Every structure is written in C-alpha cells, then in structure tokens.
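Thank you all for coming.

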Amino acid sequence: MNRIPRTARAVSTRLSAYRGCPGLLARARSFHAAASASRSFLSSLLQTAKSNNPVTDQWYGQPTHETHPELVGSSEVTHGVAKSEYEARRQRLMRDMPPGSTLLLFSSRMYFVSPHVFHSFRQDADFFYLTGWNEPDSVAVIEKSATASRGYTMVMFVNAKDPKKEVWEGPRNGIEAAVSLFGADEARPVAEFAKYARKLTSKLQDRGSKGNGAYIYADLDGEHGLLRSKECDALKAQLKRENLGSHVRQLSPLVQQLRLIKSSAEIQLMREAGRISAHGFGQIMQACRPGLCEATLQTVFEHATRMALVSQGEDGSVADRSALSRPAYVPVFASGEHALCMHYVQNSGPVKDGDLILVDAGAEYAAYASDITRTFPVNGRFSQPQRDLYSALLSVHEQMIKLCHVGSGYSLNEIHRRSTKMLATELKQIGLDVSDHDIDEKLFPHHIGHYLGMDVHDTVDINRSQRLKQNMV
C-alpha cells in the first residue's frame, strides 16, 4: 500500500523527461492518473469521520446482526440469545440487591503462550452472561437506581476503536456499540476506569463515615484460577490501600444462582452443542483403528464437530455456523492404561489392538459447553472381560439417568451415593468383590456429575446437594 504514493511522486518528477515524446508522455500521465486514483481509493477505504477506519468501523470484535445476519438475528445480541433476555438477566440480578448497590464485572484477560503469541480469547462466563460482550480489557458497572427506568444503570468501560491497533489485532466493538448493541446506558474508554475507581472509593469512605452500609459486589481474587482484566487488579490494590476491603462482597455466587436455571434459549444452544459433540464421537468411533495416535483421533473429533455445523441447501448454497464452535475444554483421549489417569490430556500415545480407549471431549457452541465421556474398543470388538465390565457400568449409568428429573426429589450428591452402592452390586455380580473404600478411593474417586452451562464445570460455587429443579443442566 505504501508503494503507491512513492510511485506517484516518482512519475510526477519524471514527466518532463517525456515532453518530446507525446506517446510516452500520454502513457506516463495515464499511469500517474491511475496511481492517484488508487491512492484516493485506498484513502477513502481507510477513512471515515467516525473512526478513521471504515473497515473496522463496519466490523465489530464479534459477530453481530449487521455483519453476520446468518449467525445473529435482528433481535439478538449474540447467537440464539435476544437483547430482551440479557436485559431480563440484569433485572433479575438487580431486583434483590440492596439499595445503592454497585456491581463491577471484569472481563477475562488475554493469555499469552509466548511473547506476542496469545491463546484464543474466552470471555469470563459471568461477564458474558450479563452483557454478551466478547472482548478483553473491559469493565461493566451496574448500579441499582430507584430513579432509572430499568431500576439500574449500566456503564461499560471498553477499548475504543483504534485503526492502528486494529490493523494488527483485528476489529473492536468500540465505545458506540456498547450502548447501541449491548445495552449500556453509557460507555467510556477503559483508560477512564481508574478515575471512576477513585470516585468509587471516595464514595465508600464517605458513606462509611456517616454510618451508612455501603458495599460493592465484585470478584477480585482470581477465584478458581481465573485471571480477570488488569482493571480488576488495580481496583483491588486501591481498595487495599484505602483499607476498604470490608466493603466488598463476592458477586459471582449471586450470578451463578441465575445461571443455574437455564432459559429455553440456553437449552436450545446446549442441545446443539450436544448434537455436534455426539456427531464427533460417532466419527472417532468409525475412524479409530490400531496404530493411530490418540492426538489423531482428537483432530478427527474437533474437525467433525465443526463440520456438523456446515450444511448445503437444495440449490447448492452452503450454510456454515462453524464459527460458533470451539473445544469446550482440553479433551482426554486415553487409551489402555492412560485411562487410569483422571485427566490425561497429553494424548500422545498410540492406540493398540485389544485396548479400550476412553474419550472425554465436548464442543462449545455459541458460548455453551457440552461434556461427554465414552469408552469403546480400539479394534471395534470387546473382549469378554471388557464386555462384562462395560455392561456393569452401563447398567449403573442407565439407572442413574432415570433419577435425573425433578420428580425424583434427588440432588446430584444423592444420585452419586446411590451410584456407588449400585456399582458395588454390579461388580460383585461379575466376580469383583470390592469394598466401599475401594470404590470411593480407587475406582470412583470423582463425582458422578456436575452442572453444565457456559462453563464445563458450571456454577462451581453452588453446592450439589440442591434438589434437581426444572431447567437445571
């Protein structure tokens, strides 16, 4: 792109050399005009009054209805989830909060595998659940307000559009989109959050001096290994300096109570995540044969789950939703003795004739996870001992699934306890006399299940002793 202006200047300085040759002069002028036109075209391509970069002004940092109408509907913020649902989530959260409450949600941060080489970004689940915003270095501040029409106000601190950085890093949503598309009342550059944080701490000090209870709700401590944006670290340090840590309450357990019960839209997305993962399992079972590497089967699975989202119409047109999918977690492809390790993820060994292979894998679809574990013979045929053991486990599995409904009155913990007792019975029937201690400590040291949703281990702060409710997953 930079060559065009230089070429145009060079041609301009040499026009006088062709004045005695009309034909060459005409050709030179034509080339100069073409170069000028190209420069004008490129200039118009890279400038607008709004952002000085219409390419990234028209794009966003994630699919929207404007840019991806095939993926995001006109009433949706993200695929499958309407703007009205995001609004309802925020209103449900704020409804029971004390007057004057301030909630601060921090996005995830980028993780780097080596200098200048980053991992694929995944948004903090609570942040995404309440905003739909899928960029790092962002903060959402939600304040309860009796005078606001919605009962709250939401201000988002986000990265502004920046043509120079977007050339390297790709498009951003920008400040305007936080209001027009994502429901914020106001949006500001994320660099201004430090100024807001100083005002917030001053307000906390003022209320405290007057004897008024004043709390902010935020997750500042990197629970469960999650590292949030650097703005989170800055606020935490400031609160510590001002000795205001006692004014902070955890936010995530409150959001998780909402996330625990899925909406019909969420269940539809999770069904699709389950469908494409089931297709992937079918493909790896067909592809599996002795001599392959575990990693090869992992590749088959990941390819199959994406291709399950590609379809062709009768007119030959292609519909492709694979951009909405990614692995939900690092999968386990554990053949033979590797399956004795709970989370073997090296996936580097050969699969051998006569062995079983345990696969624990799932695809994510539109930010919702699936999680499936199956075991099958590498060569397609069970030996008799393998078949006996598999059948014993399958019997327990099927009986426990029958208990997974509201009417059973059970919790996940109660279902787990029943499964260990039934497993002992089934194993004794095939000649394996094992104690309860052996089952709990060696054969079945994990839990029978967990909540599933935007995270694979979803709503981790919610105890599994709760009785099953409608639309829990």
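This is a predicted model: local features need pLDDT of at least 70, side-chain atom pairs count only at pLDDT 80 or more; totals for chains, interfaces and linings use all residues.

**Helix packing and a pocket**

Let me start with a contact, meaning heavy atoms within 4.5 Å: Thr420, Leu423, Ala424 and Leu427 of helix H14 meet Ile439, Asp440 and Leu443 of helix H15. Residues are numbered from 1 along each chain as its sequence is written, and side-chain values use heavy atoms, with hydrogens and water left out.

Helices (H or I, at least four residues) and strands (E, at least two) are DSSP runs, numbered from the N terminus. H14 covers residues 412–429 and H15 residues 436–443, and the two pack at about 110 degrees with their axes 10 Å apart; here axes are lines fitted to C-alpha atoms, for helices over the stretch in contact, and angles run from 0 to 180 degrees between N-to-C directions. H14 and H15 are therefore roughly perpendicular to each other, given that 65 to 115 degrees counts as roughly perpendicular, under 35 as roughly parallel, over 145 as roughly antiparallel and the rest as oblique.

H14 also packs against helix H13 (residues 384–401), at an angle of about 150 degrees and with the axes 9 Å apart, which makes H13 roughly antiparallel to H14. On the H13 side the contact includes Leu389, Ala392 and Leu393, and on the H14 side Ile415, Arg418 and Leu423 are among the residues involved. By class, this contact has nine nonpolar, three polar and two charged residues, where Ala, Val, Leu, Ile, Met, Phe, Trp, Tyr, Cys and Pro count as nonpolar, Asp, Glu, Lys and Arg as charged, and the others, Gly among them, as polar.

How do helix H11 (residues 264–287) and helix H12 (residues 294–307) cross, and at what angle? Their axes come within 8 Å and cross at roughly 140 degrees, so H11 and H12 are oblique to each other. The residues of the contact of H11 with H12 divide into eight nonpolar, five polar and no charged.

Finally, the second largest pocket holds about 1,300 Å³ of space. Its lining has 39 residues, and those closest to the centre are Gly61, Phe121, Asn134, Glu135 and Pro136. A pocket is an open set of points on a 1 Å grid over the protein atoms alone, where a 1.4 Å probe fits, with protein on both sides within 12 Å along at least five of seven lines, and lining residues have an atom within 4 Å of a point. H6 gives the most to this lining, with three residues.

Definitions and conventions. Grid points are joined across faces, edges and corners, and a volume is the space filled by probe spheres set on the points.
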